Amino acid sequence: MSAQSQFDRGHTDDLADFITASPSPYHAVASTAERLEKAGFRHVAETDPWTGETGGRYVVRGGAIVAWYVPEGARPETPFRIIGAHTDSPNLRVKPRPDFAAQGWRQVAVEIYGGPLLNSWLDRDLGLSGRIVLRDATTRLIAVDRPLLRVPQLAIHLDRGVNENGVVLDRQRHTQPIWGIGDVHEGMLIEFVAEEAGVDAAEIVGWDLMAHDVQPPAYLGRDRELLAAARLDNQLSVHAGTAALAAVAGSPGLSYIPVLAAFDHEENGSQADSGASGPLLGTVLERLVFARGGSYDDKARAFAGTICVSADTGHAVHPNYPERHDPTHRPMPNGGPILKINVNQRYATDGVGRGVFAAACDRAGVPCQEFVSNNAMPCGTTIGPITAARHGITTVDVGVPCLSMHSARELCGADDPHLLASALKAFLET
């Protein structure tokens, strides 16, 4: 192992376990809740009355989770320190009527979710995961974590120009996975899912199911200094935020209320009741103010002093396409987290936010890098600008530099997850 691996690989090992256990946003929420429970946090329902008592709590809404720790002495106007992230990743999602056959092959009808690199889903062993909804309105998680589905690529003998012209995929015709051969009948896939879940198929009235790559995370490189895994965008940040919140819970002298907000549906615009554009975070923060006897003025004061770090993966400089990057901003793996900056507010970072996060990195002894897009390339976005605009709170966008973002399998520095978690912990506790 190389000399640079001086940081906590135990954190990265745990991230690998987290990703393996979290093939869908619903599983990511369950994995987060499990870690928070071990740290003393307790679940509260949105339909229950809330009190202003101290301690750690969390709420779950579908594929989203918001958790917080109220320290001793917190007042109604006490500000929040928020880590924002998202649980979803681009993938292939099962349609309402999934069963069909073509040329004797059994296939599953899927819809493309978010903006995946479609070619990365070809010729991969895919499992099936998500949640099912039963007739009594309860939900159950389902994870078929073994090779079940495959999107087969056309052989080069039938597409001689593919290496010169590139893979051109019709999003409807060329992305439907196979899962066997033979006849198909309506309800076949859900009958299989019901058997896997141990329920009667007649009891399943709804589902949110998706394909996932079953290849486990792995260290890569001569010195194992890289991590290859599915869903690094953005389960890496969810895991880091969870670790940071659990680490500061119960710390003496907290002058802020630390919060983790992991939303669903970031990859398709956040327009959902469990997304960053929805009311979930604002409702939770307001209820925490009012539960401690606060007024509207107290809420305004609390929000005015609140800062959010929006943590999402970013781009490392690509060695084969350096011209696609800004010539003076070229983040490298294991160089520490990046500050993501865009003056057109595709990222929410401004000078104040930069100062806050840079100071947190200094306190944690963590190096920090900066990312700015090439002016000729359109810039992606995050939950950061949505959070800043919706709630009127200072927000800074950060992340870990990766290669192959939105691929079925992404790549980052193996030390960077721990570096990000350390910086987030310093941000929460200061």
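Let's start with α6 and α7. These two helices are oblique to each other. Oblique is what remains once angles under 35 degrees count as roughly parallel, over 145 as roughly antiparallel, and 65 to 115 as roughly perpendicular. Helix α6 covers residues 280-291 and helix α7 residues 296-304. Their axes come within 9 Å and cross at roughly 125°. The axes are lines fitted to C-alpha atoms, for helices over the stretch in contact, and angles run from 0 to 180 degrees between N-to-C directions. Helices are DSSP runs of H or I, at least four residues, strands are runs of E, at least two, and both are numbered from the N terminus.

A word on the model. It is predicted: local features need pLDDT of at least 70, side-chain atom pairs count only at pLDDT 80 or more, and totals for chains, interfaces and linings use all residues. Residues are numbered from 1 along each chain as its sequence is written, and side-chain values use heavy atoms, with hydrogens and water left out.

Back to the pair. From α6, the contact uses Leu285, Glu286, Val289 and Phe290. From α7, it uses Tyr296, Asp298, Lys299, Ala302 and Phe303. Contact means heavy atoms within 4.5 Å. By class, that is six nonpolar, no polar and three charged residues. Ala, Val, Leu, Ile, Met, Phe, Trp, Tyr, Cys and Pro count as nonpolar, Asp, Glu, Lys and Arg as charged, and the others, Gly among them, as polar.

Next, α9, residues 383-391. What is buried here? Ile383, Gly384, Pro385, Thr387 and His391 are. Buried is under 20% relative accessible area, exposed is over 50%, and partly exposed lies in between, with a 1.4 Å probe and protein chains only. The buried residues of α9 pack against α6 and α7. They also pack against strands β4 (80-86), β13 (257-263), β14 (307-311) and β18 (394-399). At the N-terminal end, Thr382 is the cap. One of its side-chain oxygens lies 2.9 Å from the backbone nitrogen of Gly384. Just after α9, Gly392 has a positive phi of about 65°.

Now α1, residues 9-20. It has two helix partners to show you. With α5, the angle is about 120° and the axes are 10 Å apart. That makes α1 oblique to α5. This crossing of α1 and α5 is right-handed. On the α1 side sit His11, Asp14, Leu15, Phe18 and Ile19. On the α5 side, the residues include Leu232, Leu236, His239 and Ala243. The classes come to eight nonpolar, three polar and one charged.

With α2, residues 25-38, the axes of α1 come within 9 Å and cross at roughly 135°. So α1 is oblique to α2 as well. Asp14, Asp17 and Phe18 of α1 meet Ala28, Ser31, Thr32 and Arg35 of α2. That contact divides into two nonpolar, two polar and three charged residues.

Last, a residue inside α5, which runs 232-248: Asn234. Is Asn234 buried or exposed? Buried, with a relative accessible area of 0%. Its side chain makes a polar contact of 2.6 Å with the side chain of Ser237. A polar contact is a pair of N or O atoms within 3.5 Å; within protein, one must be able to donate a hydrogen and the other to accept it, and residues adjacent in sequence count only if both atoms are side-chain atoms. Leaving aside neighbours within four places in sequence, Asn234 touches Ala85, His86, Asp88, Ser89, Ala311, Asp312 and Thr313.

Note on methods. Left-handed = near helix turned anticlockwise from the far one by under 90°.
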